[in-house]
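Here's a quick briefing for anyone about to work with this model. Have a look at the structure first, then go through the notes by topic.

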Amino acid sequence: MAERGRGWARAVRGLLLDVNGVLYDSGAGGGVPIAGSVEAVRRIKASGLKLQLCTNETQATRESFARKLRALGFDIAVSQVTAPAPAACHLLRERSLRPHLLVHHDLVPEFAEVDKTNPNCVVLGDAAENFTYANLNEAFRLLIGMEKPVLISLGKGRYYKETDGLKLDVGAYMKALEYACDIQAEVVGKPSKRFFESALAELGVPPEQAIMIGDDIVNDVGGAQQCGMRALQVRTGKYRRLQWSIPSGGAFLNACPLQNTELHQLVQPLAALMNSIPKENHFISVKMQMRVLKCAVERAQLGQLHNLSFTRNFLFLKHRFLLSAGLFPVAKCPPGSLVLQGVLSDCSH
């Protein structure tokens with residue numbers, strides 16, 4: 001059983017790692033590494049696995065970001081960082097767009113070679129303290145005055161974690177401008193499929209031979225799965241412990257915050273399956289997840305789950321499980337970067 005569980009890992013040739021919340025928590029003084037993460041990166045590189053950082057970092061240029069990581073003890077080159085700003089610059093030049101920038105002041109040098117006169121689009125990044133009412137309103141006025149408004153957002157995260165707590169991310173401000181202008185933003189960064197494909201190209205391996213590891217179930221895990229990759233969610237960074245747990249084993253279903261009798265019955269078979277999987281394995285296969293969903297449907301058909309609210313809750317659970325072509329993994333990940341070391345062990349030949 002253990003060998004079957006590790007079969008997929010033997011084909012892995014490269015890892016995509018999120019950074020904030022996986023390798024370190026940002027904050028004053030450059031942030032702090034998550035315990036064990038420096039050693040995990042060292043082991044990954046020593047193992048021969050390819051490594052690429054896939055980040056929505058938009059508060060610094062790639063050069064500054066890589067320099068900060070090296071100061072924290074990570075052996076990372078600029079070429080190993082895939083970030084939204086360079087991808088956005090390529091898109092702007094490709095489409096002859098001239099941006100009005102609402103970004104962090106430390107990111108502005110990334111756009112030095114881009115024509116910004118007479119803007120015909122708005123580029124939105126994690127501007128932090130620059131997200132003032134005046135700056136947001138200026139961006140709104142520019143967009144609302146355009147015949148064909150173009151809003152480019154460098155990511156769509158809801159929030160992220162710094163050393164002093166959670167912080168609103170660019171997605172919250174993106175949604176405000178979308179609503180005010182009745183438009184839809186173009187996302188450059190995770191979870192954009194094009195962004196993940198760019199990261200895979202820089203990693204130099206096909207999606208079926210790569211794993212994405214992040215703390216965001218939607219932008220990291222979901223975005224990677226849309227590209228055909230496997231993905232893991234770690235229990236650090238923005239990860240939040242769910243409101244309910246599966247009895248026995250302490251495993252958590254990463255997708256659903258609901259709690260009622262019907263869902264409790266639904267996840268009982270999942271608990272049994274989790275107990276049959278060796279602890280060192282971090283995935284339940286799609287086939288096994290489908291067995292759980294099939295079991296729930298059969299129970300509903302037999303009248304064992306007859307409450308009308310079950311239908312609504314089951315569909316919600318299924319919606320949260322399914323993302324485009326794949327299911328969310330049910331992750332049983334140890335805290336912190338131990339998950340990186342666990343994956344490394346499984347992927348070693």
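Helices (H or I, at least four residues) and strands (E, at least two) are DSSP runs, numbered from the N terminus. Counted that way, the protein chain has 12 helices and 15 strands. It's a predicted model, so local features need pLDDT of at least 70 and side-chain atom pairs count only at pLDDT 80 or more, while totals for chains, interfaces and linings use all residues. Residues are numbered from 1 along each chain as its sequence is written, and side-chain values use heavy atoms, with hydrogens and water left out.

**Confidence**

- The mean pLDDT (the predictor's confidence in each residue, from 0 to 100) of the protein chain is 77, and 66% of its residues reach 70 or more.
- Residues 242-286 stay under 50 in pLDDT, and the model gives them 115 contacts (heavy atoms within 4.5 Å) beyond four places in sequence.
- Residues 299-339 also stay under 50, with 103 contacts beyond four places in sequence.

**Whole-chain numbers**

- Of the 349 residues in the protein chain, 52% are buried; buried means under 20% relative accessible area, exposed over 50%, and partly exposed in between (1.4 Å probe, protein chains only).
- The protein chain exposes about 16100 Å², with carbon and sulfur atoms supplying 53% of it; accessible areas come from the Shrake-Rupley method with a 1.4 Å probe, and for residues only the protein chains shown count as cover.
- Take the contacts between residues at least 6 apart in sequence: 67% of them join residues at least 24 apart.

**The five-stranded sheet**

- An open sheet runs in the order β5-β4-β1-β12-β13, with parallel pairing; two strands pair if DSSP finds at least two bridges between them.
- β5 (81-82) and β13 (230-233) sit at the edges with a single partner strand each, so one side of each has no neighbour in the sheet.
- β1 (residues 14-17) and β4 (residues 50-54) pair in the parallel sense over four bridges, and L15 has L51 in β4 as its bridge partner.
- Helix α7 (residues 193-203) packs on the sheet and touches β1, β4, β5 and β12 (210-214), its direction making about 150° with that of β4. Axes here are lines fitted to C-alpha atoms, for helices over the stretch in contact, and angles run from 0 to 180 degrees between N-to-C directions.

**The nonpolar core**

- The largest nonpolar core has 24 residues, and L15, L17, L23, L53, L69 and I76 have the most contacts inside it. Such a core is a set of buried Ala, Val, Leu, Ile, Met, Phe, Trp, Tyr and Cys residues joined through side-chain atoms within 4.5 Å.
- β1, α2 (37-47), β4, α3 (62-71) and β12 each supply at least two residues of this core, and α3 gives the most, with three.

**Around V123**

- V123 is in strand β7 (residues 121-124) and counts as buried because its relative accessibility is 0%.
- Leaving aside residues up to four places away in sequence, V123 touches L92, P99, H100, L101, L102, V103, F111, I152 and L154.
- The C-alpha atoms of V123 and V103 are 7.4 Å apart, although the two residues are 20 apart along the chain.

**Backbone spots to check**

- K190 and P191 are joined by a cis peptide bond, with omega about 10°; P191 is in the loop between β11 (186-187) and α7.
- N118, in the loop between β6 (99-102) and β7, has a positive phi near 45° without being glycine, and is exposed at 60% relative accessible area.
- A128, in the loop between β7 and α5 (133-144), has a positive phi near 55°, again in a residue other than glycine, and is partly exposed at 25% relative accessibility.
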